[in-house]
Amino acid sequence: MDVPQVLGYARIAAMPVVAGLYTALLPLVAFALFGSSRHLVVAADSATAAIFSSSLSHMAKPESTEYVELVAMLALLTAGLLLLARIFKLGFLANFLSRTVLIGFLAGVGFQVGIAVAGDILGIDVSAHRTIPQLKELYDNFRQFNLETFKLSLLVVSVILLGRRFAPRFPVALLAVIASMAASAEFHFEERGIAVIGPVSGGLPSIRLPEASLNQILALLPVAASCFVMIIAQSAATSRIYAARHRERIDEDADIFGLSTANAVAALSGAFVVNGSPTQTAMADIAGARSQLAQLVFAAVVLLALLFLQTPCNIYRVARWPALSSRSRLA
């Protein structure tokens with residue numbers, strides 16, 4: 001269930017979709033090793049993705065090499081701010097963040113993300129990366145409305161919501177994802193005009209330091225500060241909820257260090273800013289996860305997907321396993 005979710009967050013972040021998978025690989029392992037929360041899932045998150053994509057889209061063309069470098073540098077700067085917070089034991093700052101303000105902010109992010117994916121739901125091409133221009137493009141290009149894409153989107157959302165309402169412990173969302181993959185392979189959605197993600201480069205991420213000029217770094221600092229505040233607030237709130245639910249104790253400073261290492265690893269491995277995700281944490285808890293071992297297994301599954309799985313047709317028909325290759329293709 002998390003794999004299509006992180007792919008979607010990569011689109012919100014205006015990054016190559018494979019970067020979403022990279023957030024669920026080394027960054028997730030880093031937090032599992034250094035964080036204290038047994039439940040918090042640290043990977044791609046819609047809130048931080050929406051924050052930096054709207055800010056960086058005017059500095060470089062989204063998905064371009066320069067944009068990817070800027071996003072990696074932003075993750076490194078965010079990791080530095082989190083490390084400073086750990087050194088000076090600033091975990092207590094989360095106590096001063098208003099829950100009402102956080103809920104309001106996340107509600108605003110929800111609207112922003114909803115508008116960002118509206119084009120995909122309706123089958124309308126939207127190239128803008130800011131909310132108001134996106135709304136304008138949706139209006140101007142409404143003639144592109146694709147009924148088949150919309151009906152499929154509506155069906156999947158309806159199945160998930162009904163499953164959550166009437167069978168909350170049954171993996172309805174998982175079945176919906178698998179069924180849509182099987183249907184896409186069998187009925188060739190792309191040939192019918194239904195939007196699909198398309199090929200995603202597989203293979204392991206390359207490890208290297210991001211590059212940016214001094215002026216670019218200075219321009220990125222305010223964005224990194226915004227991501228820092230969101231990560232502190234959202235991750236602390238999420239880890240506290242699940243620690244209280246399971247009667248466990250957490251070390252907020254250790255969690256901050258875990259988040260710092262996760263973002264540093266994300267910067268070095270071609271990913272983007274990662275955060276404690278409430279939705280992914282909730283899904284893991286519903287599935288029965290009670291420690292970070294579950295997240296290490298998730299990272300292992302992502303690794304297998306990057307190395308071996310090529311297309312939905314291969315997943316559906318299990319026709320063949322491609323040879324191990326750093327340039328294998330994943331759909």
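Patches were built from residues with over 30% relative accessible area and no salt bridge, like charges being joined within 9 Å and nonpolar side chains (Val, Leu, Ile, Met, Phe, Trp, Tyr) within 5 Å; a salt bridge is a side-chain nitrogen of Lys or Arg within 4 Å of a carboxyl oxygen of Asp or Glu, and accessible areas come from the Shrake-Rupley method with a 1.4 Å probe, only the protein chains shown counting as cover for residues. The model is predicted, so that local features need pLDDT of at least 70 and side-chain atom pairs count only at pLDDT 80 or more, whereas totals for chains, interfaces and linings use all residues. Residues are numbered from 1 along each chain as its sequence is written, and side-chain values use heavy atoms, with hydrogens and water left out.

A nonpolar surface patch of about 440 Å² is formed by Met 1, Phe 170, Leu 174, Leu 175 and Ile 178. Met 1 belongs to the segment before helix 1 (2-12), helices being DSSP runs (H or I, at least four residues) numbered from the N terminus. With 38% relative accessibility, Met 1 is classed as partly exposed, that is, between buried (under 20% relative accessible area) and exposed (over 50%), with a 1.4 Å probe and protein chains only.

Helix 9 (residues 172-187) has 16 residues and, at 1.5 Å a residue, should span 22 Å, which agrees with the 22 Å between its end C-alpha atoms; the expected span is 1.5 Å times one less than the number of residues. Among its buried residues are Val 172, Ala 176 and Ser 184. Just after helix 9, His 188 adopts a positive phi of about 55°.

Thr 48, in helix 4 (residues 46-56), counts as buried because its relative accessibility is 0%. Not counting residues up to four places away in sequence, Thr 48 touches Cys 227, Met 230, Ile 231, Val 273 and Asn 275, contact meaning heavy atoms within 4.5 Å.

Methods
Helix = DSSP H or I, 4+ residues; strand = E, 2+ residues; numbered from the N terminus.
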